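Hi,

Here is the structure I promised to pass on. Have a look at it first, and then read on for what turned up.

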Amino acid sequence: AAQALQIGLVHTVAPLAELDAALDQTVAALLAAGPQAQRELKQLFGRLSSSPSGPVSTEVRELCAQTIARLRGSDEAREGFAAFLDKRPPAWIAKP
């Protein structure tokens, strides 16, 4: 597990006794992020080369910049920024 973390195969390693808490924390972080932004970034990652080595091409840089700019100007982003400034959860977070 430590080696998997070191080489980037996993993002988190937790002892078995703390596994449920670590999972809950990861799920909460995913649910707190904008769903449309996550959807588009997953699509972006799918379009990028799977090769981790070598320089980043101009095309990849441009595609990433355009995607990020579009997402930051979206209604979802405006809601996220407003929620942060208002110290409230964003609209996509389910109310208890």
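Let's begin with burial: of the 96 residues in the chain, 12% count as buried. Please keep in mind that this is a predicted model.

On to the fold. The chain has five helices and zero strands, and following the sequence gives the pattern α-α-α-α-α. Its radius of gyration is 17 Å, whereas the globule rule gives 12 Å for 96 residues, so the chain is more spread out than a compact globule. Along the principal axes, the C-alpha trace spans about 45 × 40 × 20 Å. As for contacts between residues at least 6 apart in sequence, 39% of them join residues at least 24 apart.

The largest pocket has a volume of about 250 Å³. It is lined by 14 residues, and those closest to its centre are Ala-37, Leu-71, Arg-72, Ala-77 and Phe-81. Which elements give two or more residues to this lining? They are helix 3 (35–47), helix 4 (58–72) and helix 5 (75–86). Helix 5 gives the most, with four residues. By residue type, the lining divides into eight nonpolar, four polar and two charged residues.

If you have the structure open, the five residues around the centre of that pocket, Ala-37, Leu-71, Arg-72, Ala-77 and Phe-81, are the ones to pick out on screen.

Best wishes

Terms used. Residues numbered from 1 in each chain as written. Predicted model: local features only at pLDDT ≥ 70, side-chain atom pairs only at ≥ 80, totals over all residues. Heavy atoms only, no water. 1 Å grid on protein atoms, 1.4 Å probe; cavity = no way out; pocket = protein on both sides within 12 Å on 5 of 7 lines; lining within 4 Å. Points joined across faces, edges and corners; volume = space filled by probe spheres on them. Nonpolar A, V, L, I, M, F, W, Y, C, P; charged D, E, K, R; others polar. Rg over C-alpha atoms; globule rule 2.2 N^0.38 Å. Buried < 20%, exposed > 50% of the residue type's maximum accessible area, 1.4 Å probe, protein only. Contact = heavy atoms within 4.5 Å.
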